[in-house]
Amino acid sequence: MTAPKTPSFAVQPQIVPIALDEGQRGYDILIGAGLLDEAAAWEGLPKAAAALIVSNETVAPLYLARLQLRLAAQYARVETVLLPDGERYKDWASLNLIFDHLLETASDRKTVLFALGGGVIGDMTGFAASVYMRGVPFVQVPTTLLAQVDSSVGGKTAINHPLGKNMLGAFYQPARVIADLDTLDSLPQRELSAGLAEVIKYGPIADAAFLAWIELNLDALLARDKSALAYAVKRCCEIKAWVVGQDEREQGLRAVLNFGHTFGHAIETGLGYGEWLHGEAVGCGMVMASDLAVRLGLMPGEFLPRMRTLIERAGLPVVGPALGAQRYLELMRVDKKAEGGAIRFVLPEGLGKAGMHAAPDDLVAQVLASHVA
Ligand SMILES: NC(=O)c1ccc[n+]([C@@H]2O[C@H](COP(=O)([O-])OP(=O)(O)OC[C@H]3O[C@@H](n4cnc5c(N)ncnc54)[C@H](O)[C@@H]3O)[C@@H](O)[C@H]2O)c1
Ligand SMILES: O=C(O)C(=O)C[C@@H](O)[C@H](O)[C@H](O)COP(=O)(O)O
Ligand SMILES: [Zn+2]
């Protein structure tokens with residue numbers, strides 16, 4: 001009997017394809033336990049003489065050696081650059097550390113970058129890949145729940161500016177996403193909760209049944225039940241792939257993925273990045289946006305307590321920091337969805353569907369008064 005030609009996996013991963021330009025481009029999102037140790041998951045990556053792993057000082061001691069081992073089988077040279085850990089380092093200085101390393105090692109334009117870490121590492125590695133020699137391939141190896149369900153997929157890459165979140169970046173897709181669910185074992189509980197905010201997000205904007213599933217399975221997710229996590233990561237990636245496949249560069253539909261982010265990004269920028277985690281700010285932002293949707297008559301009254309209860313149960317804050325209503329409004333006018341100084345919010349329009357809406361400043365101020373310390 002001849003050996004099968006297709007790679008065989010000891011633990012079957014889920015593969016979620018993402019198709020762009022009506023299938024002209026695309027890549028696979030591999031989701032499964034033990035993928036860092038599964039040679040088949042790493043076959044068929046872009047060919048090159050060298051790979052550069054970008055990670056940080058927290059993730060490297062946990063997972064770097066195993067990734068180096070996998071890549072050594074395919075690349076003659078495997079380099080590593082470690083960035084400082086944290087949202088406040090998602091900036092030019094960190095990005096330059098990547099460029100410095102690439103240039104100091106004379107890395108050519110085929111060099112493949114690997115982002116090993118959470119969304120901060122993923123966003124920066126992707127941005128670096130998009131501009132180094134005008135573009136080199138990169139692979140996402142997300143190790144936080146947030147990165148596995150959201151940031152590693154879809155090609156938004158960026159760094160922050162002191163005046164605005166993710167203000168400098170590019171749309172640039174990875175060649176593959178490899179999400180090893182086992183890496184979530186070492187994630188601090190606060191970070192797990194932050195990831196759950198983005199999981200919850202997908203329910204109201206795209207899938208009412210998924211929202212009900214999250215409500216039923218939240219305790220299992222919080223307890224890191226592997227099959228619950230596997231289902232959540234897969235369903236979120238399917239929804240994100242469906243959205244991004246139709247609107248890669250956010251001309252319309254893709255904005256639904258920004259539910260809760262207009263308020264959330266204002267919180268992050270207003271506090272100077274890092275005091276609140278991105279997922280925490282988005283969770284609280286979804287409470288505020290849910291209230292706004294109710295006040296605008298887009299959602300029934302019971303939607304707000306339903307969302308607040310779920311977000312609180314997930315271990316997320318539901319009361320925003322006291323920045324002052326005027327400061328919130330000022331920060332939200334810098335949001336990328338704003339047009340001509342008018343803030344636009346992504347709000348649910350019935351469960352499982354969302355759209356963009358303007359709102360009078362005094363109504364937004366009333367929402368803030370109800371949900372700010
Ligand atoms: N590009 C997108 O579409 C997109 C989507 C959502 C969020 N984001 C961005 O992602 C960022 C947030 O990502 P995040 O929540 O992953 O934060 P993060 O990248 O800061 O990671 C959270 C923390 O967990 C640590 N960590 C990572 N993996 C670990 C592991 N397996 N075990 C133990 N510790 C681990 C990190 O070192 C860090 O301290 C924000 O900058 C946000 O803007 C981007
Ligand atoms: O992929 C998207 O599109 C998203 O909006 C996902 C968000 O969760 C993510 O935080 C994203 O980085 C926000 O994008 P931005 O364009 O508002 O900076
Ligand atoms: Zn987000």
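Modeller: Let's start with ligand 1: 31 residues surround ligand 1, and Gly-118, Gly-119, Val-120, Thr-144 and Ser-151 are the closest. A residue counts as near a molecule if its C-beta atom, placed from the backbone, lies within 6 Å of it. This is a predicted model, where local features need pLDDT of at least 70, side-chain atom pairs count only at pLDDT 80 or more, and totals for chains, interfaces and linings use all residues. Residues are numbered from 1 along each chain as its sequence is written, with chains lettered from A and ligands numbered from 1 in the order in which they are written.

Biologist: Which elements give two or more residues to the shell around ligand 1?

Modeller: Helices (H or I, at least four residues) are DSSP runs, numbered from the N terminus, as are strands (E, at least two). Here those elements are α3 (119-131), α4 (145-151), α5 (189-206) and α9 (278-295).

Biologist: How does the shell around ligand 2 divide by class?

Modeller: Ala, Val, Leu, Ile, Met, Phe, Trp, Tyr, Cys and Pro count as nonpolar, Asp, Glu, Lys and Arg as charged, and the others, Gly among them, as polar. Around ligand 2 that gives one nonpolar, four polar and seven charged; Asp-150, Lys-156 and Arg-254 are among them.

Biologist: And which domains does the shell around ligand 2 draw on?

Modeller: Domain bounds come from an automatic or database domain assignment. Ligand 2 has at least three shell residues from each of domain 1 (14-186) and domain 2 (189-371), and ligand 1 likewise draws at least three from each.
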